[in-house]
Amino acid sequence: MKAAPVTDPRAGPRAGRLLLWALAALVLARGVSLAFYPLMDMTESRYADIGRRMVETGDLVTPWFADGVPFWGKPPLSFWATALGFRLFGLNEMAARLPHLLLGVAVAALVWRHARQQSQRAAWHAVALLAGSTLFLVASGAVMTDMALAVGTTLVMVGIWRALHAPAGDWVASVPWVLGAVIGMLAKGPVSLILWGVPLLAWVLLTGRLRTAWARVPWLRGMAVVVALSLPWYLLAEARSPGFLHYFIVGEHWHRFVTPGWSGDLYGTAHKFPRGSIWPFALLGVMPWPLLLGVVWLRSRRARFSEASKHTSAEPSTSALARPSAPALTEHFNAPALGRPGEASYLWAWALTPCVFFSAAGNILWTYVLPGLPALAILAGSWTASRAPRAHAEGPLTAGLVLCTLALMVWAGSPTVAERMDEKSARALVRDYQARALPGEPLYFLGRVPFSGSFYSNGTARPIDALEALEPGGGAYVILSEKVYADAASSLGEHLTRVSARSGRVLVKVQ
């Protein structure tokens, strides 16, 4: 029998309201922060510039990495989202990031809906734990492909759980997982099948529910729909840009994870870390909750022993008379966190799969943990809601959200942080150029044009190999490093006018 949610008359509903206000403040702060810092090279500017090119060319099939260079590294779903933001709100940081924040809200809504089956309190605890985790907070406002993947995997996992418990023949119950599988294929590709297929297979085998799962979920018809909706893009992409499928399947889905320091990456460098690094990345990603949930556990444990002492002192000391108080204590402090049989193991399989799967990978990022965070949040939220009184759970959870909000505000508004971000973006110098340049005066970068330079110049910046390639008196502007400028000033000083300098780079005008 499912235990009723724990209440604490000393706290009442006030603690719950404070938690919701703290959650709302964090979401608002994250939304406002999206416009406060530049798109940074490499990831954010690269993906934002691909979205900009998608709007510019009107090509929704092939993402373009640079002029004439297709981007084979990822499917287009996240770029479609970014391009839609630009269509609606113009070419700016907020427009680039807002779609990914909304994708994060979608993940949180799915978490709330699933945890709500236990109690509303468990649902809000799960959302608070998810929103306040470091990785989710960062990824929900960053121009990346990972949040779109998280939407897909979360839809699949909550959708299949729903289908497993729906009446036989209820096709509507399978719509979420089919939609989630399509989203995963268009967000990251076949790796998404592993991130939801492996935990499902492990769960049905370990719990002996393979026959039940096969009978309750229309796998063949569902996967036929997934193929029908996602395969056309893959075929079109290969037809328009031959070589895509080989690079994407073999390179991105094999060498990227198996070959340390993989040199075949066409769009950057592989991220080499010691095998097993995904576990400390996961710990970093869920901070500060391990510390604050430890506080919840200690406070609840202390309360349990305090309550036990009261019962012991109030009842006769004989063991036969003392026993009746035990069920009440068990109901309040040791109630099962989840109601349906097998749900806890289902969530653990979902939560741990990214870490287990990527343990042997040599090229990883901490964002690879993201698909497992929703399940972990549901587990933790169910535990705090069912085993900790309001006075012991809502306080630390609210404090954690407030801490995250303050840290976000300090980070977004810090001049030191802004200066360090400028080092990873050409925004400041491009804007200096745009404020001074006359019509017809071009902008060049000495060497490669960074993605932020391409984005903030709306694709007008061009590369040059040497300053001498520019005609004197042409009125061109050039961005180059301080070191190169110091060397060039000695020979071309009369033709160079230093305009501004930011973070080791200089904007000069060639006259």
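Pro288 is placed in the loop between helix H13 (278-285) and helix H14 (289-314), where helices (H or I, at least four residues) and strands (E, at least two) are DSSP runs numbered from the N terminus. The peptide bond that leads from Met287 to Pro288 is cis, with omega near 10°. This is a predicted model, in which local features need pLDDT of at least 70 and side-chain atom pairs count only at pLDDT 80 or more, while totals for chains, interfaces and linings use all residues. Residues are numbered from 1 along each chain as its sequence is written, and side-chain values use heavy atoms, with hydrogens and water left out.

A cis peptide bond also joins Asp41 and Met42, with omega about 5°, and Met42 belongs to the loop between helix H1 (14-33) and helix H2 (43-57). Asn458, in the loop between H22 and E4, has a phi near 60°, a positive value in a residue other than glycine. Most residues other than glycine have a negative phi, and most peptide bonds are trans.

| Residue | Relative accessibility | Class |
|---|---|---|
| Ser452 | 0% | buried |
| Pro63 | 2% | buried |
| Asn458 | 43% | partly exposed |

Ser452 is part of helix H22 (residues 451-456). When its neighbours within four places in sequence are left aside, Ser452 is in contact with Leu39, Asp41, Ser45, Ser425 and Ala426, contact meaning heavy atoms within 4.5 Å. Asp41 in that list is the residue joined to Met42 by a cis peptide bond.

Pro63 sits in the loop between H2 and strand E1 (64-66). With its neighbours within four places in sequence again left aside, the contacts of Pro63 are Ile50, Met54, Pro70, Phe71, Lys74, Pro76 and Phe79. Of these, Lys74 is 11 residues from Pro63 in sequence and 8.6 Å from Pro63 in space, C-alpha to C-alpha.

Turning to the helices, helix H4 (residues 93-115) packs with helix H7 (residues 146-164) at an angle of about 20°, their axes being 9 Å apart; axes are lines fitted to C-alpha atoms, for helices over the stretch in contact, and angles run from 0 to 180 degrees between N-to-C directions. That makes H4 roughly parallel to H7, since angles under 35 degrees count as roughly parallel, over 145 as roughly antiparallel, 65 to 115 as roughly perpendicular and the rest as oblique. The residues of H4 in this contact include His100, Leu103 and Val107, and those of H7 include Met147, Val151 and Trp161. The residues of the contact of H4 with H7 divide into 11 nonpolar, four polar and no charged (Ala, Val, Leu, Ile, Met, Phe, Trp, Tyr, Cys and Pro count as nonpolar, Asp, Glu, Lys and Arg as charged, and the others, Gly among them, as polar).

E6 runs antiparallel to strand E7 (residues 505-510), to which six bridges join it, and Ser500 stands opposite Leu507 in E7.

How values were computed: Pairing = 2+ DSSP bridges. Buried < 20%, exposed > 50% of the residue type's maximum accessible area, 1.4 Å probe, protein only.
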